Structures are given as C-alpha cells and as structure tokens.
Amino acid sequence: MATFTGEDDLERAQFRGTSLRGARFVACDLSGVVARAVDLDGADLDSPWLMEGGASLTVNGVDVVPFIEAELNRRFPGREQRQAADPDGLRNAWAALERTWTTTMDRAAQLPPGTVEVSVDGEWSFAQTLRHLVMATDTWLGKAVLELQSPYHPIGQPDASFGDPSSVFDSGTPRYQDVLEVRAARQAMVRDFLATVTAGELNAERRNPHAPQYPETVLSCLHTILEEEWAHHQYAVRDLTAIENDGAR
C-alpha cells in the first residue's frame, strides 16, 4: 500500500484510470480538486471548514454546501445559533449546545463499559473528544480571552497542530470520571463567562493563541469554541452510531 506524507508534493498531479478505492486522506488539502467521471459510491467526506463563508463543494454542477448546512442544522437543533453576535444570542447558543451534549452524554452512558475509549477508524475515542474540547476551551477562552498565564489542564487532548505537547499535557490515559469532571468544569467556565459578558467586551481585541501576530476579538474566540463544540459533537455522534451498529451485528 502506497503512503504519501507532507514531504510528497502531489499538487496538480493527474490520476487517469487510477483506482483510489478505499484510499484514506487525513489532514490533506483537497481544495480545488477536480474529479470527472468518477465513482464516488460510499465516499465519506468530513470538512469542518466547508461551512465557513464562501466555501463551496460542487457535485454534478450543484453547490451542495447550503444543503449540507441545512441538514446539519435540522439534525442538531441549536447549531444554527453558533454565529450569534450578541450576549443574549451567545448565551442561548451555549445553552442549546449544553442540552445537546447532555443528551449525547446520556447516550454514551448507556453503552457497554469501555465504549467511551473505543476508537473508530483511528479517530479519537469519545473520551478523547471530550478531552480535546477541554483543551479547546483552555486555548480560546482561558488563554486567548481571559489571558491566563497557565490556562491548560493536563487532561486536555491536543491535536497535531498544537506542536510539542509534552511540556503541557500528560501522555497517559486518565480515568473517564476525571475527564467528565474537568469537562463539566470547562463547560461551566464558558457558561459563567457568557452570563456577564457585555456587547462592548465582545468587541475587545485579543491575540490568536496559535498565531499571536494575528488579532482576534472576544467574539471571534467564542465563535471558535462554538464551532469546535459542534464539529466534534457531530464526529462523536457519528462514531457512537458506528459502535452501536457494529455491536448490533
């Protein structure tokens, strides 16, 4: 099986009469890819950036992004509020998100012991997803908005773009109960912040936690938290369904 990494330059490469059946693309830039007369039966695409303004995905001459957006909003009520721009809207958006997560947490709790540590197709387990959202909150609220000197809890799950995590995060697997407690504390941290935030504070300038040379606002940081929450909730639900279906066979 051929494997291509970031050292391989495949930009503008052409594949003609080539079988890519079962190929897997992880963290790849496929923007601008053109596919003609291709068989896409069973293809599975995840692109969180597809929902950002101006993005497009054309299938058989139709931009399907608006349809995808509408369907995701239908499946996950409250998701459409993730770009709320005023304090009341943000509070409602976070409350809707917490209700959604409560339902999903209850679902996970009903599954056999150990299910929360199961990885589907090499993706993060349910527990790791919760740990990543701890890190996301610490990054965009703790570090960026609140400008804490030591914002990170060691239980957080960094992604590959975080750089060397060894100086901040533990490498072991924590108890799931500990994950739940830290996750609940971070949810409360966002909820408490939104309870008193004002319209003026939302416009205050902050630094991007990954690239300090680029400015952010408190509002844009909160939008990133909401986007992270909804995207990873979608993945978590997808994988729980896969685990349930596998167990039902």
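Because the model is predicted, local features need pLDDT of at least 70 and side-chain atom pairs count only at pLDDT 80 or more, while totals for chains, interfaces and linings use all residues. Residues are numbered from 1 along each chain as its sequence is written, and side-chain values use heavy atoms, with hydrogens and water left out.

Rolling a probe the size of a water molecule over the atoms shows where empty space is left. A search of the whole structure finds 1 cavity of 30 Å³ or more. A cavity here is a set of points, on a 1 Å grid over the protein atoms alone, where a 1.4 Å probe fits but cannot get out, and lining residues have an atom within 4 Å of a point. Grid points are joined across faces, edges and corners, and the volume is the space filled by probe spheres set on the points. The largest cavity has a volume of about 40 Å³, and its lining consists of Leu 90, Trp 94, Val 190, Leu 194, Leu 222, Ile 225 and Leu 226. Two or more lining residues come from each of helix H2 (87-109), helix H4 (176-196) and H6. Helices are DSSP runs of H or I with at least four residues, strands are runs of E with at least two, and both are numbered from the N terminus. H6 gives the largest share of this lining, 3 residues.

One of the lining residues, Leu 226, belongs to helix H6 (residues 218-248). Leu 226 counts as buried because its relative accessibility is 4%; buried means under 20% relative accessible area, exposed over 50%, and partly exposed in between, with a 1.4 Å probe and protein chains only. Beyond its neighbours within four places in sequence, Leu 226 is in contact (heavy atoms within 4.5 Å) with Arg 82, Leu 90, Ala 93, Trp 94 and Leu 97. Leu 226 and Ala 93 are 133 residues apart in sequence, yet their C-alpha atoms are 8.2 Å apart in space.

Asp 138 lies in helix H3 (residues 126-145) and touches Lys 143, Pro 151, Tyr 152, His 153 and Arg 186, residues up to four places away in sequence not being counted.

Side chains of opposite charge can pair when their charged atoms come close. The structure holds 14 salt bridges, each a side-chain nitrogen of Lys or Arg within 4 Å of a carboxyl oxygen of Asp or Glu. In one of them, Arg 238 meets Asp 46 at 2.3 Å, N to O. This pair links distant parts of the chain, with Arg 238 in helix H6 and Asp 46 in the segment before E1, 192 residues apart. Arg 238 is partly exposed at 28% relative accessibility, and Asp 46 is partly exposed at 37%. Another salt bridge joins Arg 191 to Glu 98, with the closest N and O atoms 2.8 Å apart. Arg 191 in helix H4 and Glu 98 in helix H2 are 93 residues apart; Arg 191 is partly exposed at 40%, whereas Glu 98 is buried at 15%. Glu 69, Arg 79, Arg 82 and Glu 227 are linked in a network of salt bridges.

On the surface, Phe 4, Leu 10, Phe 15, Leu 20, Phe 25, Leu 30 and Val 33 form a nonpolar patch with about 730 Å² of accessible area together. Patches are made of residues with over 30% relative accessible area and no salt bridge, like charges being joined within 9 Å and nonpolar side chains (Val, Leu, Ile, Met, Phe, Trp, Tyr) within 5 Å. Accessible areas come from the Shrake-Rupley method with a 1.4 Å probe, and for residues only the protein chains shown count as cover. Val 33 lies in the segment before strand E1 (58-59) and counts as exposed at 55% relative accessibility.

Terms used: 1 Å grid on protein atoms, 1.4 Å probe; cavity = no way out; pocket = protein on both sides within 12 Å on 5 of 7 lines; lining within 4 Å.
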